[in-house]
Amino acid sequence: MSKAKAIENKEIVQAIVIADSYNDNFQPFTSTKPLALLPVANVPLIEYTLETLNRNGVEEVIVFCSSHIDQVKRHIADRQAARCTWSTGMRVSIVSSEACRSIGEAIRDLDARNTIRGSVLLLGVESVTNADLAALLEEHKRLAKVDRGAVMTVVYKEGLRRMRTGNEVLVAHDPTTRRLLYHQRLAQHERERSFELPLDLFLANRDVAVCHGLLDPQIAVCSQAALPLFADNFDFLTRDDFVRGVLINEEILNSRIYVAKLAREEYAMRVNNWQSYHLVSLDVINRWVYPLVPDTAISEFRQQYKHFRNNVYRHRNVRLSRSCELDGDLVVGEECEIREGTYLRQSVVGRGCRIGRNCRIVNSFLLEGVTVGDGTVLSHCVLERAVTVGSRCTIEPGTVLGEGVEIPDGLTVGGLLLQASEPAADEWGTTPVEKIADRAYTIPVLDEEDSDSDEEEGGSGQPALNQPHAIAPLPERYPASVYEPSDEECDSGPASPVPEDANIFLSEVVESLKRGLAEKSNAEYLILEINSSRYAYNMALCEVNYYVVKAILQIMLQQDGVATNTVGTLRRLLAYFGVVFRNYIRDRDAMMDCLKALEEMCPASETVRAKLPQLVHYLYEADLIGEQVIIEWYDGLADAGLQAALSKLVQWLQESSEEEEDDDDDEEEED
């Protein structure tokens with residue numbers, strides 16, 4: 001075959017991105033903006049999708065739009081003109097049809113255009129993942145060679161234990177071939193007490209694996225034959241309809257669906273309502289979606305954010321008062337201003353936001369240009385672009401303030417969806433609309449009973465794929481390691497696992513860190529390995545903090561020349577392990593765990609005991625351990641010899657602290 005012929009026959013790697021969710025779950029945002037431009041940690045959803053596809057070697061992306069088409073086209077054109085990362089090696093085209101009202105109609109439209117030339121990745125713009133999609137595509141192509149009836153490989157991820165996001169499914173598959181045998185979407189509010197599976201499923205198949213509570217991120221690999229199946233079956237409106245239809249008519253259609261489960265270290269989640277938006281935002285902040293994290297400049301060549309302790313990401317151009325408190329898990333965007341006495345935690349602040357004095361903002365998401373008055377409390381809410389909230393207001397969980405909404409001083413808003421202008425008379429039918437303020441009108445929300453009846457009418461007793469679900473406080477049972485340790489977890493101490501498990505966990509951490517150091521692999525991946533081991537051995541987070549530090553110290557003691565240059569050896573190791581160290585040693589309790597690990601190493605290592613003051617001083621100077629934590633730990637030491645060795649260091653810390661207080665008093669007197 002000639003070289004020209006080989007190039008001609010080469011299959012281009014293609015992906016279809018459905019840019020609409022075809023529901024009202026993100027009202028009032030989607031009434032004026034496309035879902036593709038909904039920002040997660042100050043980056044539009046479509047940027048995560050395109051960056052992921054570009055990293056996986058996709059050459060051509062077809063973005064299908066049905067609403068706010070001009071805004072999507074303008075955004076793509078602007079990003080291509082700016083020469084962002086994905087624009088340099090990937091062709092992105094927009095296909096639009098305002099008449100389409102479902103994924104099925106969008107696929108039928110694409111099939112009619114004959115734009116797909118082989119196996120193709122199919123995902124929604126709301127699918128956030130760092131998975132190896134290229135490997136999934138190659139595996140599907142291999143399956144298609146073995147089974148010509150393989151029309152789709154659906155991707156699943158292990159779900160969150162005892163928590164529902166609206167993305168969970170129950171599936172049964174052949175464990176040998178991974179052929180999908182049964183599929184059922186789970187109710188969002190965990191109402192099932194039992195599940196019924198057809199008896200034929202077990203009679204007709206020798207081996208059946210049943211998986212409950214898998215997350216469905218709406219990612220699939222489709223053969224070229226999948227699109228005509230959508231075209232031939234007009235009742236296929238969603239991907240669930242397609243899966244159900246193929247399973248029922250496998251023999252007639254001569255088509256089969258296969259299952260791919262992502263590895264533990266791979267992340268995939270679908271942003272299908274405000275609650276899952278909340279979860280994914282915090283997951284991005286907590287670096288579960290690495291390399292798609294704020295400080296890696298998603299789709300940009302120039303870094304915008306700096307990463308500080310406790311996963312605080314600050315743009316280089318912000319104005320922060322000295323007395324404001326950034327507690328942790330935060331993204332603070334460009335040109336933001338945060339005034340005196342304000343407390344923020346687990347939140348995102350968009351570009352150009354102005355936050356007044358003595359505010360408290362927790363688990364809240366402020367989009368571009370938001371203004372918040374003095375003394376206002378925001379909890380588990382979303383404030384869209386150009387929202388103004390007055391002074392002494394309380395915005396309670398579940399509230400979403402649409403673009404341009406203005407809340408007057410002293411008002412409490414509880415769990416409402418508000419838009420700035422009065423809706424048209426027929427926009428919400430006969431449902432009453434309440435005026436909260438001059439620029440704040442309620443948007444009716446389908447109540448739970450109506451939602452249940454709609455689900456039953458949806459056919460086959462299956463819950464709807466998309467269900468409205470307000471942002472709300474996360475259940476305490478949500479895995480604490482993603483966000484912060486629970487009080488119960490830390491108070492439990494290191495006695496929860498049996499000693500054998502603790503020793504095995506420590507040895508696995510040591511091996512992971514050693515291998516990473518030898519191979520110089522990305523240190524972020526070590527965090528994923530450690531977290532995986534943590535769940536395998538049911539370790540509390542305070543124990544993980546302790547054993548990670550202990551593992552680093554054990555590796556330090558194995559280095560050449562450590563006896564004569566102990567601090568230098570630790571400094572060299574932390575140049576590589578610093579990302580891991582900071583990920584776990586983030587707050588006061590974690591710092592105490594670190595110091596306890598140092599203390600526990602002293603009886604076993606004369607080097608650590610002799611150099612303990614210098615090691616603690618280095619950790620303090622490197623801003624890894626706080627002054628007050630060191631003093632508190634010192635006061636509680638039972639070993640008089642260690643106290644005597646550390647006494648000069650502690651005395652120096654106390655004197656330095658007193659001098660700083662005196663200097664501050666002098667400055668106040670001069671003012």
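Start by selecting residues 371-372, which are strand β26, together with residues 388-389, strand β29: these two pair in the parallel sense over 2 bridges. Zoom in on Thr371 and you'll find its bridge partner in β29, Thr388. Before going further, keep in mind that what you have open is a predicted model.

**The parallel sheet**

Now widen the selection around that pair. β26 and β29 belong to an open sheet of 6 strands, in the order β17-β20-β23-β26-β29-β32, with parallel pairing. Which strands stand at the edges? Select 319-320 for β17 and 406-407 for β32: each has a single partner strand, so one side of each is left without a neighbour in the sheet.

**A charged pair on that sheet**

Stay here and show the side chains of Glu337 and Arg354. They form a salt bridge, and the closest N and O atoms are 3.6 Å apart. Glu337 is in strand β20 (residues 337-338) and Arg354 is in strand β23 (residues 354-355), so you are looking at a link between distant parts of the chain, 17 residues apart.

**Zooming out**

Time to look at the whole thing. The protein chain has 22 helices and 36 strands. Of its 671 residues, 55% are buried. Colour by surface if you like: the accessible surface comes to about 30200 Å², and 46% of that belongs to carbon and sulfur atoms. Among contacts between residues at least 6 apart in sequence, 59% join residues at least 24 apart.

**Where to be careful**

Next, colour by pLDDT. The mean for the chain is 83, and 85% of the residues reach 70 or more. Select residues 1-8, though, and the pLDDT is below 50; this stretch has 2 contacts in the model beyond near neighbours in sequence. Another stretch to pick out is 448-467, where pLDDT stays under 50 and the model has 32 contacts beyond four places in sequence.

**The antiparallel sheet**

Move on to an open sheet of 3 strands, ordered β10-β9-β11, with antiparallel pairing. From one strand to the next, the twist averages 20 degrees.

Select residues 168-173 to see β9, which pairs with β11 in the antiparallel sense over 5 bridges. How many residues of β11 are buried? The count is 5 of the 7, so β11 is largely enclosed by the rest of the structure.

The structure holds 36 salt bridges. In general, side chains of opposite charge can pair when their charged atoms come close. For one example, show Arg179 and Glu250, whose closest N and O atoms are 3.0 Å apart. What does this pair tie together? Arg179 lies in the loop between β9 and β10, and Glu250 lies in helix α10 (residues 250-253), so the bridge connects parts that are 71 residues apart in sequence. You'll find both Arg179 and Glu250 buried.

For another example, pick Asp438 and Lys435. Their side chains meet in a salt bridge at 3.6 Å, N to O. Asp438 counts as exposed because its relative accessibility is 64%.

**Last stop: Leu528**

Finally, select residues 523-536 to show helix α15, where you'll find Leu528. With a relative accessible area of 10%, Leu528 is buried. What is it in contact with, leaving aside neighbours within four places in sequence? Show Glu265 and Trp288: Leu528 is in contact with both. To finish, draw a distance line between the C-alpha atoms of Leu528 and Glu266: they are separated by 8.9 Å, although the two residues are 262 apart along the chain.

How values were computed:
Residues numbered from 1 in each chain as written. Predicted model: local features only at pLDDT ≥ 70, side-chain atom pairs only at ≥ 80, totals over all residues. Heavy atoms only, no water. Helix = DSSP H or I, 4+ residues; strand = E, 2+ residues; numbered from the N terminus. Buried < 20%, exposed > 50% of the residue type's maximum accessible area, 1.4 Å probe, protein only. Contact = heavy atoms within 4.5 Å. Areas by Shrake-Rupley, 256 points an atom, 1.4 Å probe, with all protein chains shown as cover. Pairing = 2+ DSSP bridges. Axes fitted to C-alpha atoms, helices over the stretch in contact; angles between N-to-C directions. pLDDT = per-residue confidence, 0-100. Salt bridge = Lys/Arg side-chain N within 4 Å of Asp/Glu carboxyl O.
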